[in-house]
Amino acid sequence: MSEVAAVEERVEEQTDAYAERSLDDPAGAEPPEPAETPRPEAPTANVLKGRIKVADEVVEKVAALAALEIPGVADLGGDLERAFESVRDRIGVGSKRATQGVQARIQDQQVSVDVTIVIVYGHVVMDVATEVKVNVARSVSRMLGMRVVEVNVTVDDVRLPGQDSPAEATPAA
């Protein structure tokens with residue numbers, strides 16, 4: 001007999017016993033003490049049905065923040081993206097996209113990420129790009145629990161000293 005059926009049977013027996021007592025002595029009848037019934041345990045994550053879907057944009061945001069954490073990264077995005085964002089900023093339409101310069105693809109719990117960065121002048125390009133690659137993979141893997149199969153870093157530009165940039169408000173180096 002299943003656990004649910006056993007509990008239902010005990011409840012039925014208690015209800016019948018209560019009904020019989022109240023017929024014999026309607027004024028002083030009290031319900032019997034409920035018997036300890038075992039509670040069903042909460043399902044664990046292994047047996048609970050349902051799915052979890054993480055949007056590509058979530059991966060892109062995590063990757064963008066991880067790339068910007070690295071000293072020597074001035075900005076994200078290619079020339080066209082940065083020019084478009086500059087125009088949007090000047091005319092006051094919207095705000096800077098957090099995922100600018102990052103593209104992610106998720107397939108079967110495996111992630112591949114493309115990051116386009118701008119390097120601050122004076123930093124070693126290969127060192128910064130390698131640190132970005134490692135930090136993006138580590139952050140995405142740790143925060144989202146997905147396997148990162150590749151991180152492609154493209155260095156699109158070098159930010160010269162004194163060059164105006166919206167990203168200089170945040171310390172990059």
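A residue is termed buried when its relative accessible area is under 20%, exposed when over 50%, and partly exposed in between (1.4 Å probe, protein chains only). By this criterion, 25% of the 173 residues of the protein chain are buried. The structure is a predicted model, in which local features need pLDDT of at least 70 and side-chain atom pairs count only at pLDDT 80 or more, while totals for chains, interfaces and linings use all residues. Residues are numbered from 1 along each chain as its sequence is written, and side-chain values use heavy atoms, with hydrogens and water left out.

The protein chain contains 4 helices and 4 strands, taken as DSSP runs (helices: H or I, at least four residues; strands: E, at least two) numbered from the N terminus. Along the sequence, these elements follow the pattern α-α-β-α-β-β-α-β.

Helix 2 (residues 56–68) has 13 residues and should span 18 Å at 1.5 Å a residue, which agrees with the 18 Å between its end C-alpha atoms; the expected span is 1.5 Å times one less than the number of residues. Buried residues of helix 2 include Val59, Val62 and Ala63. The buried residues of this helix pack against strand 1 (73–76), strand 2 (102–107), strand 3 (110–120) and helix 4 (125–144), where contact means heavy atoms within 4.5 Å.

The largest nonpolar core has 22 residues, of which Val113, Val115, Ile117, Val132 and Val136 touch the most other members. Helix 2 supplies the largest share of this core, 6 residues. Such a core is a set of buried Ala, Val, Leu, Ile, Met, Phe, Trp, Tyr and Cys residues joined through side-chain atoms within 4.5 Å. Among the residues that Val136 touches are Ala63, Ala66 and Ala67, not counting residues up to four places away in sequence.
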